[in-house]
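Visitor: I am new to this one. Please put it up, and start with the terms.

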Amino acid sequence: MELSKRQETILEIVKKEGPITGEQIAERLSLTRATLRPDMAILTMSGMLEARPRVGYFYSGKKPGQELAEKLHRITINEVKSVPVVVPEQCTVYDAVVTMFIEDVGTMFVVREGGLLEGVISRKDLLKNTLGGQDIHKLPVGVIMTRMPNIIYVEPDTSVWEAARRLIAHEVDALPVVRLVKAKEGQTDLEVVGRFSKTNVTRLFVELGEGGY
């Protein structure tokens, strides 16, 4: 994060004289508080300055971006996940295309009874098979979907930082959010309880910029 000269000056004033009020900072710079408001917002949002009511601003000692990084590691998927869009394994490619269009998503999750994860199907999978000359009214998505162990997923207590890292590392648009459940045979099944997508990342970024979380 690159600071402007005025922001660097504000930071030095607070380091030397903090805690100090916004009014006092404005006086040192011969500016109005309204003029400084955007700079103060940037410095506090980045975590470099902290503000306390009736006390003023003081230097936190944190590096630029450190506060944001800590928040991204602290916020869990459970706080930001969306409702998953799912289809059964017997669903045809044609019906899957219609569902994807209606729900306006780029990735859907294929489940069996009980909402247990069977596979993942993307817009690219559907497009490739739609253009492949096959009868998409009869072809089930179970034939073309990605199956375990090739499915990348996250759990509700995974940090949004880790989830976003997986999106980038595996070049996918969305991840299923799953809860581990024990099967009758002693094995572990994955129950789909949500979705985490690039849209969730963007929405979180906007909320952080507005002072949320």
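Guide: Helices (H or I, at least four residues) and strands (E, at least two) are runs assigned by DSSP and numbered from the N terminus. The model is predicted, so local features need pLDDT of at least 70 and side-chain atom pairs count only at pLDDT 80 or more, while totals for chains, interfaces and linings use all residues. Residues are numbered from 1 along each chain as its sequence is written, and side-chain values use heavy atoms, with hydrogens and water left out.

Visitor: Fine. How many residues does helix H1 have?

Guide: Helix H1 covers residues 5-17, which is 13 residues. From first C-alpha to last it reaches 18 Å, close to the 18 Å expected at 1.5 Å a residue. The expected span is 1.5 Å times one less than the number of residues.

Visitor: Which residues of H1 are buried?

Guide: Gln7, Ile10, Leu11, Ile13 and Val14. They sit on the same side of H1, because they cover an arc of only 160° around the axis. The arc is taken from the directions that run from the helix axis to the C-beta atoms. Buried means under 20% relative accessible area, exposed over 50%, and partly exposed in between (1.4 Å probe, protein chains only).

Visitor: And what do the buried residues of H1 pack against?

Guide: Helix H2 (22-29), helix H3 (33-45), strand E1 (49-52) and strand E2 (56-59). Packing here goes by contact, meaning heavy atoms within 4.5 Å. The face of H1 turned away from the buried side carries the exposed residues Lys5 and Lys16.

Visitor: What about H2, which residues are buried there?

Guide: In H2 the buried residues are Gly22, Ile25 and Ala26. An arc of only 100° around the axis holds them, which puts them on the same side of H2. They pack against H1, H3 and E2. Just after H2, Ser30 takes a positive phi of about 55°.

Visitor: New topic. How many salt bridges are there?

Guide: The count is 10 salt bridges. The rule asks for a side-chain nitrogen of Lys or Arg within 4 Å of a carboxyl oxygen of Asp or Glu. Lys15 and Glu12 are three residues apart, about one turn of the helix.

Visitor: Why would three residues apart matter?

Guide: An α-helix has 3.6 residues a turn, so residues three or four places apart point the same way. Glu162 and Arg165 give another salt bridge, at 2.8 Å, N to O. They are also three residues apart, in helix H8 (residues 160-170), and so are separated by about one helical turn.

Visitor: Glu162, is that buried or exposed?

Guide: Glu162 counts as buried, at 17% relative accessibility. Arg165 is partly exposed, at 38%. Elsewhere, salt bridges that share partners join Arg112, Glu118 and Asp189 into one network.

Visitor: Which side chain does Glu89 meet in a salt bridge?

Guide: Arg147, at 2.8 Å, N to O. Glu89 lies in the loop between strand E3 (86-88) and helix H6 (93-103) and Arg147 in strand E6 (residues 146-147), so the pair ties together parts that are 58 residues apart in sequence. Arg147 is partly exposed, with a relative accessible area of 36%.

Visitor: Now H7. Which residues are buried in it?

Guide: Asp125, Leu126 and Asn129 are buried in H7. They share one side of H7, because they cover an arc of only 95° around the axis. Their cover includes H6, strand E4 (107-112) and strand E5 (116-122). On the face of H7 turned away from the buried side are the exposed residues Lys124, Leu127 and Lys128.

Visitor: Where is Ile144 found?

Guide: In the loop between H7 and E6. Ile144 is buried, with a relative accessible area of 14%. Beyond four places in sequence, the contacts of Ile144 are Val93, Ile121, Asp125, Leu126, Asn129 and Leu139.

Visitor: Last one: where does UniProt place the CBS domain?

Guide: The unreviewed UniProt entry places "domain: CBS" at residues 80-136 and 145-211. UniProt positions follow the numbering used here, feature names are shortened, and annotations may be inferred rather than shown by experiment. In the model, residues 80-136 are 35% helix and 28% strand, and the end C-alpha atoms of that span lie 34 Å apart.
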